[in-house]
Amino acid sequence: MKILEVTNVDFSLRHFLLPLMRQLRTEGHDVIGCCAEGPLLQDARAEGFRIVTVPMARSFSIKAQARAFVALIRVIRQEKPDLVHAHMPISGLLARLAAKLCGVPCIAYTCHGYLFNQPGSFVRHALAFTLEWLAGRLTDIYLTVSQEEAQDARRLHIHSNPIAVGNGRDPHLFHPDPGARERIRQSLNVPSDRVVIIAVSRLVRHKGYPELLAAMESVPDAELWIVGERLSSDHGEVLEPYFRRAHDALGGRLRMLGYRSDIPALLAAADIFTLPSHFEGLPMSIIEAMLTGLPVVATNIRGSREQVVQGETGLLVPAGKSAPLSEALNRLVGDQFLRTTMGKAGLVRALALFNESSVLTKTAALLTTGTQIRLRKRKKPALSQQAAKDR
């Protein structure tokens with residue numbers, strides 16, 4: 001079976017799609033990736049995957065989206081896949097429409113979060129919902145990463161059979177690691193007994209960095225590591241002014257580590273993970289932190305509240321507010337026993353619910369079984385017509 005996995009940018013393919021592509025290839029399928037060109041594609045190419053690039057744009061530019069749409073049609077006509085599996089709102093819409101026009105036997109979509117659930121104007125929400133509803137009519141297999149998004153899809157009649165498959169990470173890669181903890185802390189000249197709070201995400205406004213930086217001013221007994229960068233395709237408010245003010249206020253208690261490939265080791269070297277986002281799908285970073293045995297301080301939003309059990313594996317706080325965030329962080333900073341207890345409970349929960357192998361096996365089965373059923377249905381009319389001719 002030939003499968004075309006379509007997303008927007010190299011970051012998404014590398015961090016979200018690549019594990020599924022590996023799973024599908026292991027099961028014997030011909031898997032091709034499709035997204036905008038970028039340096040992070042080198043990892044997938046090094047593993048032998050063929051990546052077809054198209055000029056995807058994370059914007060509402062009609063001209064840019066038309067260019068991407070035409071390129072997608074060209075790719076699909078050339079590759080003739082049995083399944084097009086699309087991801088992310090805009091690239092997902094374009095890929096499904098292109099696949100439908102090209103007569104692809106099976107069209108699948110994984111929702112990583114709805115634009116109409118994000119902050120924005122009424123017009124933007126209405127447009128996003130209308131496009132999601134229309135795209136749902138084109139979709140044979142409709143998957144979501146969170147239970148709440150599946151409930152929305154069903155309640156709002158976006159699709160009749162949405163299935164929440166979740167997200168997962170590899171516990172062999174993300175796990176408590178005393179050796180890595182010592183190595184990373186030595187490399188950063190951080191004492192073994194200093195409490196470290198870590199945040200791992202793109203440097204964009206909706207990840208809650210202004211609130212986190214303000215909150216840290218009231219958390220004097222810990223330092224903050226920020227891991228990540230702003231993508232060239234990211235939009236919205238620039239955060240440099242917030243980081244400059246935070247450097248002045250926090251001094252050496254703020255470390256900007258940039259984009260790193262050693263996330264498992266960095267998490268193992270920290271004591272508390274935080275993700276004060278305004279909206280999410282089902283954050284991979286929280287899963288990674290839980291598997292590493294860290295307590296999590298997150299906002300009480302879709303996705304995150306499916307992962308963090310309040311008072312058991314971490315603490316949930318209101319989005320967009322720094323005071324409750326600093327209170328939650330201080331509570332964990334000052335109580336090592338609570339950090340350890342919550343971290344262990346989070347690890348148990350992550351192993352049970354967010355194990356990458358289980359999630360990928362389920363997702364691959366839904367995709368391939370659904371495609372095979374549709375391929376068989378396509379063959380039946382052709383066989384019937386041949387039988388009529390024989391008579």
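**Ground rules.** I'm working with a predicted model, where local features need pLDDT of at least 70, side-chain atom pairs count only at pLDDT 80 or more, and totals for chains, interfaces and linings use all residues. Residues are numbered from 1 along each chain as its sequence is written, and side-chain values use heavy atoms, with hydrogens and water left out.

**The sheet.** I looked up the strands (DSSP runs of E, at least two residues, numbered from the N terminus). 7 of them make an open sheet, ordered E3-E2-E1-E4-E5-E6-E7, with parallel pairing. Two strands pair if DSSP finds at least two bridges between them. At the edges I found strand E3 (50-53) and strand E7 (162-164), each pairing on one side only.

**One pair up close.** I picked strand E5 (residues 106-111) and strand E6 (residues 141-144), which run parallel and are joined by 4 bridges. Ala 108 sits opposite Ile 141 in E6.

What is the volume of the largest cavity? I got about 190 Å³. A cavity here is a set of points on a 1 Å grid over the protein atoms alone where a 1.4 Å probe fits but cannot get out, and lining residues have an atom within 4 Å of a point. Grid points are joined across faces, edges and corners, and the volume is the space filled by probe spheres set on the points. I noted 18 lining residues, with Phe 16, Leu 20, Gly 166, Asn 167 and Leu 360 nearest the centre.

Notes:
1 Å grid on protein atoms, 1.4 Å probe; cavity = no way out; pocket = protein on both sides within 12 Å on 5 of 7 lines; lining within 4 Å.
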